[in-house]
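Dear colleague,

Please find the structure below, handed over for your use.

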Amino acid sequence: MMDKAAMSFQNGLRVQVDDAGRITLPPEVGARLGLTKGTEFLLEETHHALTLRRTFSQPAKIYIEPTSRCNLACRMCIRHSWEEKQGHMSEATFQRLMESIAALPEKPVIVFGGFGEPLFHPNIREMVRQAKETASRVELITNGTLFTEELAQEFIRLGLDLVWFSLDRLHADAYANGANPVTNIEKLNYLRYVENAPLPETGIVFVAARSNVNELPNLLRAASRYGISHYMVTNVLPYTAEMCEEMLYSRALDAMESQPSMWSPEVLLPRMDWNEDTLMPLYQTLRAQNNAQINGARLTPAEGRCPFIETGAVAVSWDGAVSPCLALMHSHVSYLYDKPRLVSRYVVGNINEAALSEIWNEANHLAFRQRVHEFDFSPCTLCGGCDMAEANQEDCFGNTFPTCGGCLWAWGVIQCP
């Protein structure tokens, strides 16, 4: 039963302060947010609100890389910049992982993804089946070319929660074999209708680039036809010098262009039509470095907020190595300000050697998560002016490996489901 001091309402939870000045939360809310006795959390004061940034006593979201191999050779892929050994996750490693997840007090979300094509693993169906028995929710990311009608029927039967299809024109050069992911999305939507099945939902990950961003409106209009319930738009991350020409965020990373000045006024904008009359004036207003809000929503770029640490995520690679995020799962070279940047792999443990809960609570992993929560890294994505920005080994604030100031995920440029 909910505490009388806490009452739910349409947009949140109404709570009261007791005589000792303490805010009482319902036990189920505290458990869901990881607010156990003695746990520290971050409380941020904004203009009109207090924001409680949740902490995690266990992993809440687990990215599993069934394989680092892929059936395609897309020109935007990380494979153009790494020399690591590739392989499939073994049955023994997967079983160790499932046992570790089953032992967690709360069931986490599992996302099959990583830097390979999950459907390329020969045992992916059994992996999904076991994950559904262990997790609160299971998602899978795929390029869609191996998504057959038979596989769609199996995922419907298993109750897979969400399938993300990576769909954009940058993949077109790899579709010469006739395997069109759009056709496979249509099959899934039809089979869901025939089976009267709500799951799996369909999501689209669109990698926006200079050569394909004009296709985004048509893709969004296809939602009802293909049964698409989720869209995620991300930027292309260049792994080669050639792909730098496809970037759409060079000005967004410029400190003088993208960051509101501390001397700029606050501009409160209302909701209004976006059309030929308003588009250019609004664009110029938003580009003027003002601290702008639209209907209360602040448009100031997110600064140093890791989407993986903030959601209690870990990433488990095909060989069982556990990393704090997808970006640190494999060593690779990407480009920042048209200059190559070496990101070295960071592993906090291996599921073949220790349980996931033990790895989660390991001292170095705890210390790293605390550093990222505070995010006192040099803003390499907004500067990029020194040699330290060319790797994640150290930064000009005195931080040592791994440093995150040059991570495009942390600055809202790159997104993953």
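The model is a predicted one, in which local features need pLDDT of at least 70 and side-chain atom pairs count only at pLDDT 80 or more, while totals for chains, interfaces and linings use all residues. Residues are numbered from 1 along each chain as its sequence is written, and side-chain values use heavy atoms, with hydrogens and water left out.

Helix α5

Just after α5, N196 adopts a positive phi of about 55°. The helix itself covers residues 181-195. Its expected span (1.5 Å times one less than its number of residues) is 21 Å for 15 residues, and this agrees with its end C-alpha atoms, which are 21 Å apart. Burial is judged by relative accessible area, with buried meaning under 20%, exposed over 50% and partly exposed in between (1.4 Å probe, protein chains only). The buried residues of α5 are P181, N184, I185, L188, N189, L191 and R192. Because they cover an arc of only 165° around the axis (taken from the directions from the helix axis to the C-beta atoms), these residues lie on the same side of α5. Y190 and Y193, on the other side of α5, are exposed. Contact here means heavy atoms within 4.5 Å. The cover over the buried residues of α5 includes α4 (149-158), β8 (162-166), β9 (201-208) and α7 (223-226).

The sheets

Two strands are said to pair if DSSP finds at least two bridges between them. An open sheet of 9 strands runs in the order β10-β9-β8-β7-β6-β5-β14-β15-β18, with mixed pairing. Its edge strands, each pairing on one side only, are β10 (228-235) and β18 (349-350). Within this sheet, β7 (residues 137-142) pairs with β8 in the parallel sense over 4 bridges, and T142 stands opposite F165 in β8.

Two helices pack on this sheet. For the angles, axes are lines fitted to C-alpha atoms, for helices over the stretch in contact, and the values run from 0 to 180 degrees between N-to-C directions. Helix α3 (residues 124-134) touches β6 (109-112) and β7, and its direction makes about 170° with that of β6. Helix α5 touches β8 and β9, and its direction makes about 160° with that of β9.

There is also an open sheet of 3 strands, in the order β11-β12-β13 and with mixed pairing. Here the edge strands are β11 (266-269) and β13 (297-298). β11 pairs with β12 (residues 291-294) in the parallel sense over 4 bridges, with E266 opposite N291.

Residue G114

G114 is found in the loop between β6 and α3. At 29% relative accessibility, G114 counts as partly exposed. Leaving aside neighbours within four places in sequence, G114 is in contact with E65, L326 and M329. G114 and A327 are 213 residues apart in sequence but 9.5 Å apart in space, C-alpha to C-alpha.

Cysteines

With a disulfide taken as a pair of cysteine sulfur atoms within 2.5 Å, the count comes to 0 disulfides. For C306, the nearest cysteine sulfur is that of C325, 5.7 Å away; C306 counts as buried at 11% relative accessibility. For C386, the nearest is that of C396, 5.4 Å away; C386 counts as partly exposed at 31%.

With kind regards
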